[in-house]
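Please load the structure below in your viewer and keep the selection panel handy. We will go from one stop to the next.

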Amino acid sequence: MAAINRDDVAHLARLAHIEMSAEELDRMAGELAVIVDSVKSVSEAAGDDVPATSHPIPLTNVFRDDVVGHTFTAEQALSGAPDSDENRFKVPAILDEA
Amino acid sequence: MSTDEILSFEEAMEKYDPVLGFEVHVELNTKTKMFSSAPNVFGDEPNTNVNEVDLGMPGVLPVVNKTAIESSIKIGLALNCKIAESCRFARKQYFYPDTPKNFQTSQYDEPIAYDGYLDVELEDGTVFRVEIERAHMEEDAGKLTHMGGATGRIQGADFSLVDYNRAGVPLVEIVTKPIEGAGSRAPELAKAYVAAVREIVKNLGVSDAKMERGNVRCDANVSLRPHGRERFGIRSETKNVNSLRAVEHAVRYEIQRHAAVLDSGAPVIQETRHWHEDTRTTTSGRAKSDADDYRYFPEPDLVPVVASREWVEELRATLPEPPAERRKRLKADWGYSDLEFRDVVNAGVLDEIEETIAAGASASVARKWWMGEIVGRAKAADVDPGQLGVEPATIVELAQMVEAGKINNKMATQVLDGVLAGEGTPAEIVDKRGLAVVSDDGPLLEAIDAALAAQPGVADKIRAGKVQAIGAIVGGVMKATRGQADAGRVKELILEKLGVTV
């Protein structure tokens with residue numbers, strides 16, 4: 001795995017909508033690099049014969065029957081919303097990310 | 001908003017070769033959502049079909065809807081795809097208020113279905129094979145309404161209102177491989193492809209397939225390259241083209257626009273375009289950028305879906321006859337001409353005619369009644385022909401009464417109107433209205449004499465061999481009997497009287 005550099009951190013910060021100062025970028029680049037290195041040790045332990053996994057528990061096909069369960073009322077759904085209007089969540093107009 | 005230069009379609013075709021690609025989103029008609037037990041219902045009050053999972057509250061866990069998996073596998077099979085032995089879900093991260101979780105649960109490197117094809121029939125019967133890259137499962141997003149501003153579009157909007165009823169509705173996204181070789185038929189193929197997908201999911205019963213409700217939505221990719229060049233040009237992706245006509249128009253427009261850009265020497269910009277039905281043009285959305293870095297990773301809250309071969313075969317056994325094969329079979333069975341059959345398909349009365357024939361009518365009688373009478377009445381009432389409520393048995397009964405000479409065709413259409421007005425069965429209406437073909441020759445002969453006397457000269461013409469002149473006399477008799485006479489018998493009697501044999 002390639003090392004994490006300062007540009008990578010700046011890119012991720014932008015994607016995550018996190019504002020970071022120049023010092024923070026420098027510090028995170030170093031800290032993330034250490035984390036990536038630590039995780040890298042896993043691939044040293046696992047040989048080529050071990051397939052990648054996305055889940056630690058060997059379970060598959062955990063399904064639910066298609067039966068209607070509980071719902072919220074609009075009032076309940078909106079109870080934690082900072083702002084609402086006409087029974088809908090009210091959010092700032094956000095351009096260019098649709 | 002600037003207007004883009006476009007070339008005429010013909011000129012664009014002379015210079016360039018179009019390559020297409022489609023992403024069609026199909027909303028499944030399961031009772032509940034993909035990962036929550038909230039109802040999947042269109043048109044309810046905002047934010048009433050939601051629970052904690054749909055709203056992305058902390059600590060909730062999604063659970064996969066088994067029926068949605070089965071519907072997805074059925075779609076994959078109907079598109080001649082391979083079904084993955086094992087597949088998983090992935091998180092697609094982006095910030096936008098249509099998803100409260102800040103990610104959409106989708107599939108990335110392991111779609112449930114892949115490597116398929118769909119044979120699409122164009123209007124003249126040409127079959128074009130569209131290769132399917134993949135069909136993957138995901139969840140729909142909430143619905144944003146942009147408020148303020150002049151047009152209701154996001155440009156100039158002050159704020160947006162969000163309804164999460166649609167958030168979490170199961171979706172299957174069907175992605176084609178690049179479609180080459182369509183040439184000037186590209187717009188027609190685009191429409192035919194989306195129509196074929198819609199027909200398949202409707203036939204499978206896995207989606208309501210109403211484009212006007214967004215059950216089937218299409219993103220259309222278009223690029224151009226000079227004739228003879230193998231490398232693809234740069235593509236644009238026109239989003240949410242949501243009617244069959246719009247798909248055709250959008251592809252045609254983008255071909256014309258790309259051609260003008262290329263002619264000017266400028267590169268086509270890889271970007272999202274928005275389709276505008278009112279002006280039949282597209283406008284620039286946004287250029288592909290960092291925002292497309294979705295940082296997919298496997299969804300840790302869901303375990304893999306393993307579709308055993310037994311399960312897949314069980315589902316395959318439940319698939320209905322593919323629509324294209326059914327049409328071929330019915331056309332051959334009924335003996336309709338290409339044109340007759342196409343009209344029936346376009347009028348949307350294939351099922352109705354099939355049922356009417358099953359109820360005992362001949363293929364030609366069934367077509368005559370549906371195409372000649374019922375389709376026109378449905379159009380006048382602005383409903384689908386099937387919604388008028390004409391029972392197959394009614395048509396069979398009317399046809400039998402005509403055949404037996406009890407009533408003539410004109411009366412039969414009056415009886416049909418009576419049935420549609422709720423006056424009863426055909427037999428009851430015939431009784432009530434006193435409809436019956438006059439079969440006693442006496443009154444007919446009197447009427448014939450009167451008609452011949454009223455139009456002197458016609459008899460001579462008929463005797464001289466101009467038999468078609470008989471129409472004027474038959475018409476006079478029908479008028480005199482207020483349409484109650486059997487026109488065939490009237491004709492016979494006139495010829496007999498004039499001593500003419502045909």
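This is a predicted model: local features need pLDDT of at least 70, side-chain atom pairs count only at pLDDT 80 or more; totals for chains, interfaces and linings use all residues.

Residues are numbered from 1 along each chain as its sequence is written, while chains are lettered from A and ligands numbered from 1 in the order in which they are written.

**Stop 1: the domains of chain B.** Colour 9-316 as domain 1, 323-433 as domain 2 and 441-498 as domain 3; these bounds come from an automatic or database domain assignment. Between domain 2 and domain 3 of chain B, the C-alpha centres are 31 Å apart.

**Stop 2: an enclosed strand.** Select β12(B), residues 216-226 (strands are DSSP runs of E, at least two residues, numbered from the N terminus). Because 8 of its 11 residues are buried, β12(B) is largely enclosed by the rest of the structure (buried: 20 or more other C-beta atoms within 10 Å of the residue's own, with C-beta atoms placed from the backbone).

**Stop 3: where the chains touch.** Show the contact, with 44 residues from chain B and 37 residues from chain A (contact: C-beta atoms, placed from the backbone, within 7 Å). On the chain B side, β10(B) gives the largest share, 5 residues. Finally, select β3 of chain A, residues 88-92: 4 bridges join this strand to β10(B) in antiparallel fashion, and A:P92 sits opposite B:F159.

Methods. A residue is buried if 20 or more other C-beta atoms lie within 10 Å of its own, exposed if 12 or fewer, and partly exposed in between; C-beta atoms are placed from the backbone. Two residues are in contact if their C-beta atoms, placed from the backbone, lie within 7 Å. Two strands pair if DSSP finds at least two bridges between them.
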